[in-house]
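Subject: Handover of a structure and the findings

Dear colleague,

Please find below the structure that I am handing over to you.

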Amino acid sequence: MTTPSGVARLLLVCHASTRATARAAFPGDEPLDGNGLRRARAAAPRIGPGRAVRGTELRCAQTAEALGLRAVPEPLLADCDYGRWRGMTLAEVEAAEPEGLEAWLTDPAAAPHDGEPITGLVGRVADWLATLGPGRTVAVTHAPVVRAAVVHALGAPARAFWRVDVAPLAPVTLTGRGGRWRLSYPA
């Protein structure tokens, strides 16, 4: 697919599934599970060429490799920092810190886990989007990073973050020029 002059075309691809995905857990730096690796290899023909970048975590490196991409690690595409909740399931956090979980899910500036608030994540991703030049870029990253990019592209408030659902290997295309982004649905 050709990109008109001066236009940035960004294909965001959520990494494939991991054990944390299956457990509904806040991830650490875990590898892909067998199903995720198989599905990523099968998805490779749909991704196509382009500059490739990825989150710094192992699951992004393995997904990019399975997709046939030589992706450069990009720290701004790292997953959200879940602080002390890393490795815990959502149910475990809800049982241990129900007020903290409620605050995190309703207030995008809250960081009860002593990690990164949603507002921080959206700001970090917006900063990265501002660095993209013309041409096609493929970014293998995390569901929260993809959500943050969509929220930013649409000019939505950070509280809209939880209204975007991103599955493993979900592709999302954004096109932009001059700092303005659009969510695109290519044919």
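Helices (H or I, at least four residues) and strands (E, at least two) are DSSP runs, numbered from the N terminus. On that basis the elements of the protein run β-α-α-β-α-β-α-α-α-β-α-β-β from the N terminus on, which gives 7 helices and 6 strands.

Please note that this is a predicted model, in which local features need pLDDT of at least 70 and side-chain atom pairs count only at pLDDT 80 or more, while totals for chains, interfaces and linings use all residues. Residues are numbered from 1 along each chain as its sequence is written, and side-chain values use heavy atoms, with hydrogens and water left out.

Overall form

The C-alpha trace of the protein spans about 50 × 35 × 25 Å along its principal axes. The radius of gyration is taken over C-alpha atoms, and the globule rule is 2.2 Å times the number of residues to the power 0.38. For 187 residues a compact globule would have a value near 16 Å, and the protein agrees, with 16 Å. Of the 187 residues, 50% count as buried; buried means under 20% relative accessible area, exposed over 50%, and partly exposed in between (1.4 Å probe, protein chains only). Contact means heavy atoms within 4.5 Å. Among contacts in the protein with a separation of 6 or more, 66% are between residues 24 or more positions apart.

The sheet

Two strands pair if DSSP finds at least two bridges between them. The 6 strands form an open sheet in the order β3-β2-β4-β1-β5-β6, with mixed pairing. At its edges stand β3 (72–73) and β6, each with a single partner strand, so one side of each is left without a neighbour in the sheet. Strands β1 and β4 (residues 135–141) run parallel and are joined by 7 bridges; Leu12 stands opposite Ala139 in β4. By contrast, β5 and β6 run antiparallel, joined by 5 bridges. The hairpin of these two strands has 2 residues between them, and Gly178 takes a positive phi near 60° there.

Ser184 belongs to strand β6 (residues 180–184) and is the bridge partner of Thr173. At 15% relative accessibility, Ser184 counts as buried. Not counting residues up to four places away in sequence, Ser184 touches Thr173, Leu174 and Thr175. The side chains of Ser184 and Thr175 make a polar contact at 3.1 Å. A polar contact is a pair of N or O atoms within 3.5 Å; within protein, one must be able to donate a hydrogen and the other to accept it, and residues adjacent in sequence count only if both atoms are side-chain atoms.

The nonpolar cores

A nonpolar core is a set of buried Ala, Val, Leu, Ile, Met, Phe, Trp, Tyr and Cys residues joined through side-chain atoms within 4.5 Å. The largest has 37 residues, of which Leu10, Leu12, Trp85, Trp128, Leu129, Leu174 and Trp181 touch the most other members. At least two residues of this core come from each of β1 (8–14), α5 (98–106), α6 (118–129), α7 (143–154) and β5 (171–177), and α7 gives the most, with 8 residues. A second, separate core of 17 residues includes Val13, Ala40, Val138 and Val140. Leaving aside neighbours within four places in sequence, Leu129 is in contact with Leu10, Ala149, His152, Leu174 and Trp181.

Residues in the loops

Ser17 lies in the loop between β1 and α1 (19–23) and counts as buried at 10% relative accessibility. The side chain of Ser17 makes a polar contact with that of Asp33 (2.8 Å) and reaches the backbone nitrogen of Gly36 at 3.3 Å. Ser17 and Gly36 are 19 residues apart in sequence, yet 4.5 Å apart in space, C-alpha to C-alpha.

Most residues other than glycine have a negative phi. Asp114, in the loop between α5 and α6, has a positive phi near 65° and is exposed, with a relative accessible area of 62%. Leu169, in the loop between α7 and β5, has a positive phi near 70° but counts as buried at 11% relative accessibility.

Yours sincerely
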